[in-house]
Amino acid sequence: TDMFQAAIRELTFVQAVSLRLGKKYVRDLMYWKYPIFSAYCFGGWMHCVYCNSVSFVPVYLVGFALLHLAASYVYHVSNERIDVKPLTWDELLVSLQTTE
């Protein structure tokens, strides 16, 4: 039962930290701390409102994830390693295709 209680404490901790970081990230988006991400969210939201449809939300979520991946790549990899070739948009889009 000690392991079970430890697992419950760990899950409670992860839930609290995730909630706190999620609120901080949403606050940063609202206050335009990272203008590229905030503009993307605002533009996607306005497009959904203009079209009066939530069917575009998954498209914008995938685009948001790709934007984060590209920003992470630029921040961590592009200047540190000479042997790594930069990713192209074609490679990113091909990675999203379904395999049959």
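**Aromatic residues and helices**

Student: Is phenylalanine 64 buried or exposed?

Tutor: The relative accessibility of phenylalanine 64 is 16%. With a 1.4 Å probe and protein chains only, a residue is buried under 20% relative accessible area, exposed over 50% and partly exposed in between. Because 16% falls under 20%, phenylalanine 64 counts as buried.

Student: From which number are the residues counted along each chain?

Tutor: This is a predicted model, in which local features need pLDDT of at least 70 and side-chain atom pairs count only at pLDDT 80 or more, while totals for chains, interfaces and linings use all residues, and side-chain values use heavy atoms, with hydrogens and water left out. Along each chain, as its sequence is written, residues are numbered from 1.

Student: How many aromatic pairs are there?

Tutor: Rings of Phe, Tyr and Trp (for Trp, its six-membered ring) pair if their centres lie within 6.5 Å, and their planes count as stacked under 30 degrees apart, as edge-to-face over 60 and as tilted for the rest. By this rule, the number of aromatic pairs is five.

Student: What kind of pair do the rings of tyrosine 25 and phenylalanine 64 make?

Tutor: The ring centres of tyrosine 25 and phenylalanine 64 are 6.4 Å apart. Because their planes stand at 65°, this pair is edge-to-face.

Student: How many residues apart are tyrosine 25 and phenylalanine 64?

Tutor: Helices (H or I, at least four residues) and strands (E, at least two) are DSSP runs numbered from the N terminus. Tyrosine 25 belongs to helix H1 (residues 2-30) and phenylalanine 64 to helix H3 (residues 57-76). The pair therefore links distant parts of the chain, at a separation of 39 residues.

Student: At what angle do the ring planes of phenylalanine 42 and tryptophan 45 stand?

Tutor: The rings of phenylalanine 42 and tryptophan 45 have centres 6.0 Å apart and form an edge-to-face pair. These two residues are three places apart in helix H2 (residues 35-51), and so they are separated by about one helical turn.

Student: Which residues does tryptophan 32 contact, leaving aside neighbours within four places in sequence?

Tutor: Tryptophan 32 sits in the loop between H1 and H2, and at 43% relative accessible area tryptophan 32 is partly exposed. Contact means heavy atoms within 4.5 Å. With those neighbours left aside, the contacts of tryptophan 32 are Ser38, Ala39 and Phe42.

Student: How far apart are the end C-alpha atoms of H1?

Tutor: The expected span of a helix is 1.5 Å times one less than its number of residues. The 29 residues of H1 should therefore span 42 Å, and this agrees with the separation of its end C-alpha atoms, which is 42 Å.
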